[in-house]
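I opened this notebook to record what I looked up, one interface at a time.

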Protein chains: 2
Amino acid sequence: MSTAAARLAFSRSCRALSGVFPDMEAVMAWFAAKDRRDRFEVRRASLAALDQWGFLPGPLRLGHRSGKFFTIEGIRVETDFGPIPSWDQPIINQPEVGILGLLAREIDGVLHFLMQAKMEPGNVNVLQLSPTVQATRSNYSRVHGGHAPRYLEYFTEPGLAEVLLDQLQPEQGARFLRKRNRNMVVLVSHDVPVHEDFAWMTLGQVKDLLTRDNIVNMDARTVVSLIPLADPDEPSDAARLEGLSPFRRDVYLSFCRSDRERHTMDAVMGWLTMGKAAASMRVSPLPLDGLRGWSVTEDAIRHETGLYFSVIGVDVTAHTREATRWSQPLLHHEGLGLVGFLCQSQWGVLHFLVRGSLEPGNRDGMEIGPTVACSEVAARSGRVCAPQFLEYFFDSALGAVRYDAVQSEEGGRFHHFQNRYMIVEISPGTVVDAPGHYLWLTLGQLWRMARHGHVNIEARNLLACLGAVERTP
Amino acid sequence: MSTAAARLAFSRSCRALSGVFPDMEAVMAWFAAKDRRDRFEVRRASLAALDQWGFLPGPLRLGHRSGKFFTIEGIRVETDFGPIPSWDQPIINQPEVGILGLLAREIDGVLHFLMQAKMEPGNVNVLQLSPTVQATRSNYSRVHGGHAPRYLEYFTEPGLAEVLLDQLQPEQGARFLRKRNRNMVVLVSHDVPVHEDFAWMTLGQVKDLLTRDNIVNMDARTVVSLIPLADPDEPSDAARLEGLSPFRRDVYLSFCRSDRERHTMDAVMGWLTMGKAAASMRVSPLPLDGLRGWSVTEDAIRHETGLYFSVIGVDVTAHTREATRWSQPLLHHEGLGLVGFLCQSQWGVLHFLVRGSLEPGNRDGMEIGPTVACSEVAARSGRVCAPQFLEYFFDSALGAVRYDAVQSEEGGRFHHFQNRYMIVEISPGTVVDAPGHYLWLTLGQLWRMARHGHVNIEARNLLACLGAVERTP
């Protein structure tokens, strides 16, 4: 499939609310039928009591007895960027590159994606939709000896499917140390057997699910965010604008009107390069019991203030066909964080206000983040340390809300970690005075930068939510 | 200056052999007048006798007593990529990000670049042309207290010049540990005082100098390589093809005929991602006296076979206006290496055969390299371990030589390190059977990948040499 053909197929699929499932009711009915939460028990457990997991010495960290999966380690952060010059924190170290993969297939002329109903212990609602494959390298090189995840072969064995997209993308730099995953979309031209936990959906159906709270998981969102809704390198096509609502029209044009970008791509690269060169962050390893402000007990690792997050343990029992039990630590988060983009029509095209984001787990310094990304604590507006532009997301007089839903972060590592995702459009006349580490980019520019791994996961997850067909109220 | 205006200005400048210097004779006369080698003495010295430099313990390495500049350290490399699974070597560790900057100005309607005649102790011919500024971070943050390099302020102080290009680019991954520099081009709209060691040249004049041996230094080449000769995002312009030789025409079209690319950009990213995921390389620190195959003496660090490179010391005396003396280690290389690109017209557009290149100093795994890059040892064709496709560069029956000159690597770190740079075009009919870690890319694709730091310095240095106006024989 040529690039142009793929773009066209993506864009058609994005407009399709009907496919193998005739409508959203059918999609939701299938999901509800899968959602038998009683088959998955998650019980809190003390860290000291976790099966196979425990504190390992030199320096003190939390890990699996086999040395596999991941460890939770301590770090000290020192930086000249942002208001806080130094802090200590636990962080997840999982040096492998995994695969997050969507299998695609054209059915009756419309591209469908094979979505998986997947239970994860950290999800508030246990079951969410994941991409076809979520595999760690241990999974796919089968060092554990166990079963390979279903459909994995389409992503790893050359010739079984056509690769439409394969990019290395960073994960949460505030919680993972240098973690990246391959984000892939591969196309099969033939029928594949569909296991009962999987179903073919159009991109439009997935986008519709993204307008609802906590259905599409983080791993699915990051892959979906990389699928372009229009081609930045193609002139815009009037026919494709037909029948779109004004905001979706603006979204489409923001992808492809590269002649109307406020900053050139050279200037965008220059801004990012300057940010990488100017801001520094030193991350040094520390034993978990040597972290300032954190207490380590047999039960959990907590911040003395009760804020930020804590490291807890869970025992999981899955009463599925293959009954399984395991224990693991999770990073527990209280309350709701906020991830928000401000956008505004500039030069006749929608631009998004991005912020240079420097976090301890970033592999290569500054990344491109959303306008606002903050935890529950900071999100309580009115606080002195509230992040810039927070007021736009809480005062309806300042802008029009274009997107607002609650989404979960990865339920295999995080416990009840939810963020409110918002996109707010401010009127063209409003002058926003943004410091130098902010920049206005079109969606086409964000997409081009994302392709090379420059856009962080919070920003990508929010971009994934764009492009849904509006439901008639 | 808009992107389109900048591209047009670059492209016009590239065609101009006349400017502030009316012709190449004037350029060469100026360079010859600067070239008073007797004012710069470089004497070999034993490592133990170097002023301020010496062996530092824990682990044993070579460094400056102040802890500044750079160190030469030992590493062990283990990899599943390439024919050699493990080796030890010394490597330069210089964790700072420096600036390689070209100052540009429009003079009589043609863009000129301020080139510096600069003496470096490692150059075979001492004097070469460097960019306007070569500054380490210590230089520009002035931690040493000394003079800031001339013209540095245009690259560091906002508002003094317009940034046309600012990118982080990797250096030699076989010799530097994770080293990168900002490559910058900035535009001034007013006159600046020109110091006697500097001169304004058109891009065409610099390209002409690049057809000659050892005049334009590595730092200048890497910046020049990032200046696009045409805009990949603009349709090709027939008017710009007028008067070009067939090969320059092909070079121009290879930049902008993005409709004729053999692989889509998604496929190119996929190929690179697959390479990064599939090939692994582990680099562990070792003391210099613990390296297998290397001997450390007071005089030098050498490989037991006498091959590869050695670490030597030099005492430098510069009889310039400000008389200066210093000592430093350099990496000495014998003979000539080869850096070569094969190109071929495919789908009506010139494509270049790139090779996935994994070297111990790479920050992020595989980079995009030239078809062939090898040291003097391997370049002796006929050897069993000769790299693939080497024969094309030595057998004139296999292709037409489009570029062939000897260029030096950075004379501030390397001693007499020269490579023969070659571009060979094979006829459209010839079928080249290349393994999976090779890929055919257009110049537009190479330029787009280079912008994000994916193209290694050997490939960039060779690309810089493209686009010269042919001299009439």
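How many salt bridges does the rule find across the interface of domain 1 of chain A and domain 2 of chain A? I worked on a predicted model, and the rule finds one there.

Entry 1, the pair behind that count. I looked up A:Glu41 and found a salt bridge to A:Arg43, with 2.7 Å between the closest N and O atoms. I also listed polar contacts between domain 1 and domain 2 of chain A and got five residue pairs, both residues at pLDDT 80 or more. Sorting by class, I have five nonpolar, two polar and five charged residues on the side of domain 1 of chain A that touches domain 2 of chain A.

I noted the division of chain A: domain 1 covers 3-41 + 95-230, domain 2 covers 42-85 + 288-333, and domain 3 covers 247-281 + 335-464. Over C-alpha atoms, the centres of domain 1 and domain 2 of chain A are separated by 28 Å. For contacts, I recorded 12 residues of domain 1 of chain A against 19 residues of domain 2 of chain A. These two domains of chain A bury about 1,400 Å² between them, and 56% of that lies on carbon and sulfur atoms. On the domain 1 side, A:Glu41, A:Pro121 and A:Arg175 lose the most area to domain 2 of chain A, together 47% of what that side buries.

I superposed chain B on chain A: a rotation of 180 degrees with 0.0 Å of shift along its axis does it, at RMSD 0.0 Å. I therefore wrote down the relation of a two-fold axis. The same surface serves both copies, since 100% of the contact residues of chain B recur in chain A.

I found 28 residues of chain B in contact with 28 residues of chain A. Chain B and chain A bury about 2,600 Å² between them, 48% of it on carbon and sulfur atoms. B:Asp266, B:Arg451 and B:His452 supply 23% of the area that chain B buries against chain A, more than any other three residues.

I counted eight salt bridges between chain B and chain A. I looked up B:Arg451 and found a salt bridge with A:Asp266, the closest N and O atoms being 3.1 Å apart. Helix 9 of chain B gives the most to the side of chain B that touches chain A, with nine residues.

Definitions and conventions: Residues are numbered from 1 along each chain as its sequence is written. Chains are lettered from A and ligands numbered from 1 in the order in which they are written. This is a predicted model: local features need pLDDT of at least 70, side-chain atom pairs count only at pLDDT 80 or more; totals for chains, interfaces and linings use all residues. Side-chain values use heavy atoms; hydrogens and water are left out. Copies are superposed by least squares on the C-alpha atoms of residues with pLDDT of at least 70 in both. Contact means heavy atoms within 4.5 Å. Domain bounds come from an automatic or database domain assignment. Buried area is the accessible area (1.4 Å probe) that two parts lose on being put together, summed over both. A salt bridge is a side-chain nitrogen of Lys or Arg within 4 Å of a carboxyl oxygen of Asp or Glu. A polar contact is a pair of N or O atoms within 3.5 Å; within protein, one must be able to donate a hydrogen and the other to accept it, and residues adjacent in sequence count only if both atoms are side-chain atoms. Ala, Val, Leu, Ile, Met, Phe, Trp, Tyr, Cys and Pro count as nonpolar, Asp, Glu, Lys and Arg as charged, and the others, Gly among them, as polar. Helices (H or I, at least four residues) and strands (E, at least two) are DSSP runs, numbered from the N terminus.
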